[in-house]
Amino acid sequence: MAEPRMQLGAEWFCGDLPGVQEHLVHIERLGVSILYTTPFFPSRSNHRYNATSFDEVDPLLGGDEALASLVRAAHARGIRVVGDLTINHIGDDHGWFTSAREDAEAPERGFFWFDERLPHGYEAW
């Protein structure tokens, strides 16, 4: 299992993908056929719905190989794996947003609603 590290500014409960893989025996005994994961991309929060990138699995969770290993092990037990891909909402430090905020001509600009009359200059939740 990957050595957990603390995240600054967020709760961290020390769970990671290798830890999930270690519990597949129990999950299988429960009769589970689909394992749903919340986002696993790099993020400043524990919930990870504000990803900074979709290019890699967060090393804090074990990285790309940990996800590949979990999927292989789950499939070997007849369990499918579904990951929550959150491309409809990202963190304010994601490259798409920073590019759109900095350059009005950036192709990513159309992904967001910018309006200087809004409190932050863009629509956010």
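Me: What makes residues 80-83 strand β2, where V82 is found?
Reply: Helices (H or I, at least four residues) and strands (E, at least two) are DSSP runs, numbered from the N terminus. V82 lies in one of these strands, β2, which covers residues 80-83. The model is predicted: local features need pLDDT of at least 70, side-chain atom pairs count only at pLDDT 80 or more, and totals for chains, interfaces and linings use all residues. Residues are numbered from 1 along each chain as its sequence is written, and side-chain values use heavy atoms, leaving out hydrogens and water.

Me: Why is V82 called partly exposed?
Reply: Buried means under 20% relative accessible area, exposed over 50%, and partly exposed in between (1.4 Å probe, protein chains only). V82 has a relative accessible area of 39%, so the residue is partly exposed.

Me: Why is F97 called buried?
Reply: The relative accessible area of F97 is 5%, and therefore this residue is buried. Y122 also counts as buried, because its relative accessibility is 16%.

Me: What makes the aromatic pair of F97 and F114 stacked?
Reply: Rings of Phe, Tyr and Trp (its six-membered ring) pair if their centres lie within 6.5 Å; planes under 30 degrees apart count as stacked, over 60 as edge-to-face and the rest as tilted. F97 and F114 are 5.9 Å apart centre to centre, with 15 degrees between the planes, and form a stacked pair. This pair links distant parts of the chain, since F97 is in helix α4 and F114 in the segment after α4, 17 residues apart.

Me: How do you know that the pair of F114 and Y122 is edge-to-face?
Reply: Their planes stand at 65 degrees, with 6.3 Å centre to centre, and the pair is edge-to-face.
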